[in-house]
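Student: Could we go through this model together, beginning with the aromatic residues and then moving on to the charges and the helices?
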Amino acid sequence: MLVTLSIGWAVVQGGRFVLSPLLPAIIADLGITEATAGIAFAALGGVYALTQYPSGRLSDRWSRATLIVPGLVVMIVGFALLSGVESYLPFVLASVVIGLGKGLFAIPSRALVSDLYVERRGRALGVFTAGTDVGGLLASAAAVVVLASATWHAPFVPVAVALAVVAVVFVGLSDEPYRVEPASLDVSTTVRRLVASGDQRRTLVAFALFYFMVGGFINFFPTYLAQAKGFSESLASVAFAVVFVVGFATKPVAGGLSDRFRRQDVSAAGLAVAAVALAVIVVADSSLVVWASTLVLALGYKTQFPLADAIVMDDAPADGMGADLGAARALFLTASAVGPAYVGIVATYAGYTLAFGSLAASLLVAALFVWR
């Protein structure tokens, strides 16, 4: 089940991340700007964020499978729509559908992994979230091929087909019931539990700042390298892939370390390293320095994904794990949805230096909050 869910997450993230290196082609084809592209990505991320809590809460009350399977089906529809869009509004609509399906899938799948692995929760979530990096590698390779030989629409039908295969395999493996019954979302109880102590409140703010950086960085990094650092589109795609190569190796190791040491200390160290590396990228004139700093940045910021989930679930009751994680990630991903809109608008009107420099500052503040 861990392998199936991790592969599913890799396919989802591959379909999502391939948009980033293809962004210059999308902007040119649809006749839009970085700002309007950022708004479309923000719509995807916003719907994804809003779906987090209901899907987590309902997966606690119904079953994980009851949310996971519809999530896969909705994403299949969304990627199929994306393969045929020719103008901006259908592009936004397809993005919103993908965000909805991804939100239905993300929290119940993480909660199911956490149900299966308790003592090794950090490492198991590291394996699952490493699916993001497998997806990023697939996206980078697909982008290189597409930019050389096809239109930007080409990758999305294969993504839809792969998700259909994952759905069939999951249904065959799962022994959970499928049930739908009346259930209260009970938002107030969950929120009170999440903000019960000062440490929890600081942790929530810290990871919201981190996800704000992620939203801006992951959507615009290839375009930033091409526009501000003189990289070709293909070379920018390779640099984008490097981030995911490092993440694939880093996440299980970081998760395992957090099972042995205080998770917040491991997280703060990674955030501080990432902040410094991103600041160096912003001021660097040398391509070699940009490459080296990208490696260090990836090492620091990729540690956060299994740790953020594990820290929230460590404090959650067994019968409210999905709800707590869903509510926390709704906050994190709302911040992440703001990130691409922020970077797109600031880059359009004030330049990429200010946009990416402020992302580095947000990482540094997050490190201080987590460390405290």
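Student: How far apart are Tyr-352 and Phe-356 in helix H15?

Tutor: Tyr-352 and Phe-356 are four residues apart in helix H15 (residues 352–371), so about one helical turn separates them; helices here are DSSP runs of H or I with at least four residues, strands are E runs of at least two, and both are numbered from the N terminus. This is a predicted model, in which local features need pLDDT of at least 70 and side-chain atom pairs count only at pLDDT 80 or more, while totals for chains, interfaces and linings use all residues. Residues are numbered from 1 along each chain as its sequence is written, and side-chain values use heavy atoms, with hydrogens and water left out.

Student: And are Tyr-352 and Phe-356 buried or exposed?

Tutor: Tyr-352 is buried at 9% relative accessibility, and Phe-356 is buried at 0%, where buried means under 20% relative accessible area, exposed over 50% and partly exposed in between, with a 1.4 Å probe and protein chains only.

Student: How many aromatic pairs does the structure hold?

Tutor: There are 24 aromatic pairs, a pair being rings of Phe, Tyr or Trp (its six-membered ring) with centres within 6.5 Å, called stacked if the planes are under 30 degrees apart, edge-to-face if over 60 and tilted otherwise. The rings of Phe-210 and Phe-305 have centres 5.3 Å apart and planes at 65°, so that pair is edge-to-face.

Student: Which helices hold Phe-210 and Phe-305?

Tutor: Phe-210 belongs to helix H9 (residues 198–228) and Phe-305 to helix H13 (residues 304–314), so the pair ties together parts that are 95 residues apart in sequence. Phe-210 is buried at 0% relative accessibility, and Phe-305 is buried at 12%. Ring pairs link residues into a cluster that includes Phe-210, Phe-305, Tyr-352 and Phe-356.

Student: Switching to charges, how many salt bridges are there?

Tutor: The structure holds eight salt bridges, each defined as a side-chain nitrogen of Lys or Arg within 4 Å of a carboxyl oxygen of Asp or Glu. One of them joins Asp-115 to Arg-64, with the closest N and O atoms 2.9 Å apart, and this pair links distant parts of the chain, since Asp-115 is in helix H5 and Arg-64 in helix H4 (residues 64–82), 51 residues apart.

Student: How exposed is Asp-115, and how about Arg-64?

Tutor: Asp-115 is partly exposed at 36% relative accessibility, whereas Arg-64 is buried at 6%.

Student: What is the distance between Asp-133 and Lys-302?

Tutor: The closest N and O atoms of the Asp-133 and Lys-302 salt bridge are 2.8 Å apart. Asp-133 lies in helix H6 (residues 121–149) and Lys-302 in the loop between helix H12 (287–301) and H13, so parts 169 residues apart in sequence are tied together. Asp-133 is buried at 0% relative accessibility, and Lys-302 is buried at 1%.

Student: Last topic, helix H3: where does H3 bend?

Tutor: H3 bends by about 30° at Gln-52, and Pro-54 follows within four residues; the bend is the angle between axes fitted to the seven residues ending there and the seven starting there.
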